[in-house]
Amino acid sequence: MMSATNKVSKNSSSTTASLTTVSPRLAKNVQRHFKERVIEFILMLAALSAVFTTFAIVAILLYESLGFFKTVSIVEFFTSKEWTPLFEDAHYGIMPLVAGTLTTSAVALAVAIPVGTIAAIYLSEFASHRAREIVKPILELLVGVPTIVFGYFALLFVTPILQKIYPELPGFNMLSAGIVMGIMIIPYIASIAEDAMRAVPMSMREGSYAMGATRFQTAIRVVTPAAVSGIVAAYILGISRAVGETMVVAVAAGQQPTFTFDPTEGAATITAYIVQVAMGDLPHASIGYQSIFAAGLVLFAMTLCFNILGHIVRKKYREQY
Amino acid sequence: MINATTPIKAESKDLNFFYSNGTQALKGINMPLYENKITALIGPSGCGKSTFLRCFNRMHDLYPGNRYEGQIIMHPDNTNILEKGVDPIEVRMRISMVFQKPNPFPKSIYENVAYGLRVRGESNKRLLDDKVEEALKGAALWNEVKDRLQDLAFNLSGGQQQRLCIARALATDPEIMLFDEPTSALDPIATANIEELMSELRNKLTILVVTHNMQQAARISDYTAYMYLGDLIEYGDTDMIFTRPTRKETEDYITGKFG
Ligand SMILES: Nc1ncnc2c1ncn2[C@@H]1O[C@H](COP(=O)(O)OP(=O)(O)OP(=O)(O)O)[C@@H](O)[C@H]1O
Ligand SMILES: [Mg+2]
């Protein structure tokens, strides 16, 4: 099979040199070659369009932010603990928004990483075929729920419950938003981590069982470390989702930029600020308008950092079986 | 022919085996494993060698729907290891296995060897250190890895990985060791090393080995069994099987007229 295709390609390359004596079979090869080129070109265009879009977004972010930083010093941007760009007495410290983003994300991950990982281990190593057939679609259904629904779920259902336990909790708080965001992210982490675990070859599990290990020991001591790179990839995706999530935090965490890492307080995140401001009609090139892009740039940089970190960790622990 | 004074370590009695799809892969196998001897299983591909071997550590229990019939009696305690009430984990603690393809765990060399002890709940560092060293020496790997016990096992060569898997299986002091084509993924030098190792291990334990390599069976085994289509066609002294087989099928297979 292999050698046959090799021969064909050798033939067709030699025909390009002497096209005058083309046999019908070789002519077909030339035709096929052309078709493959066209397909290749279309595929490349598709890939390039994604790259182009990314660059375009970054360019616009940079361009508009540049306008912003003409008015606001970078030092103020990163050191001031107040973010009030639309007020009379305007302050432009991004840190309150960054703190809000990190706090809600941390709460979300504290929920999603353990639950998602346990769900993945269960689905991959313990669930019977039938149980998996039931649980997986339910998880996938969770992915399909619009995020605004999760937002109101946090505000109108989870917050009141939390207030029963902890009466001082304000109506808008990062704890409730973070928990619900975590629930929202569980299916992503569970499904990617499960795929990684199921990709671990059976021979590795058999090796563990043959040593007298139980199913639990095999899952925890052998399968999980073998799948660690995929599991880390799942976490990174979860982090990116949490940092970029908008609706849940905008609805349930409040929209007041506050420099705090206390999840029981309300605070705005970067994304919450962006929707809030983008919904009003700000004149182009005004400082408020430009502040959206500066905030967006910071968000982009944060996600990029996590992705790069994830890439490094994955490289370090890449699957080797 | 068969030395009557050698004790039997384990024997299969009227052993039938059915895969979950209904395939009967073993048909009434009666065969002894003599203590401190190497028994080789030979036969054409698909004849049931691996299936038979994997009955001894209840590997088939991992997949739902597989079914054993008959017995495998282990001596001296006379337990039927296939009995429903017998915990397969108990069986695997007494009978360990080395696979065709080296399958080290994604752990350090040290932790690979210590794995069997760790899953038994052993955590005494001194004892683990000693056992790991002993097992690695037993698998003729100690000198090559003693300075890098914390390295990832995947960084070893194929032959070293297979010896690591042998060390891993040795560390728990098993009574029987099963080898399923342990050298088929290795080069001739690594193969020679493993063969030598198996001959030495015979002093400590009982070995059942599946091999496709007739010379290997002749070189290392004391007894040889020829299987065909799930039947045990002939069993006997290796010398006898390879020089004067009683069955025509065995002779055809050994001389290469078949398979
Ligand atoms: N999981 C399975 N389900 C159903 N049938 C199987 C399964 N595994 C093996 N078999 C069948 O059982 C028979 C014996 O297989 P086995 O793997 O024991 O052969 P083998 O002698 O080890 O062959 P080889 O030398 O190729 O390894 C074959 O007919 C095979 O098709
Ligand atoms: Mg086999």
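Let me begin with the largest nonpolar core, which has 46 residues, and in which B:Leu136, B:Ile166, B:Met177, B:Phe179 and B:Leu201 have the most contacts; a nonpolar core here is a set of buried Ala, Val, Leu, Ile, Met, Phe, Trp, Tyr and Cys residues joined through side-chain atoms within 4.5 Å, with buried meaning under 20% relative accessible area (1.4 Å probe, protein chains only). Apart from that core lies another, of 44 residues, including A:Met181 and A:Tyr235.

This is a predicted model, in which local features need pLDDT of at least 70 and side-chain atom pairs count only at pLDDT 80 or more, while totals for chains, interfaces and linings use all residues. Residues are numbered from 1 along each chain as its sequence is written, chains are lettered from A and ligands numbered from 1 in the order in which they are written, and side-chain values use heavy atoms, leaving out hydrogens and water.

As for confidence, the model scores ipTM 0.92 and pTM 0.81, and chain B averages a pLDDT (the predictor's confidence in each residue, from 0 to 100) of 91, with 98% of the residues scoring at least 70.

Turning to ligand 1, what surrounds it? There are 13 residues around ligand 1 (a heavy atom within 4 Å), and the closest are B:Ser45, B:Gly46, B:Ser50, B:Thr51 and B:His212. Oxygen atoms of ligand 1 lie 2.4 Å from a polar side-chain atom of B:Thr51, 2.8 Å from a side-chain N or O atom of B:Lys49, and 3.4 Å from a polar side-chain atom of B:Glu181.

Technical notes: Buried means under 20% relative accessible area, exposed over 50%, partly exposed in between (1.4 Å probe, protein chains only). A polar contact is a pair of N or O atoms within 3.5 Å; within protein, one must be able to donate a hydrogen and the other to accept it, and residues adjacent in sequence count only if both atoms are side-chain atoms.
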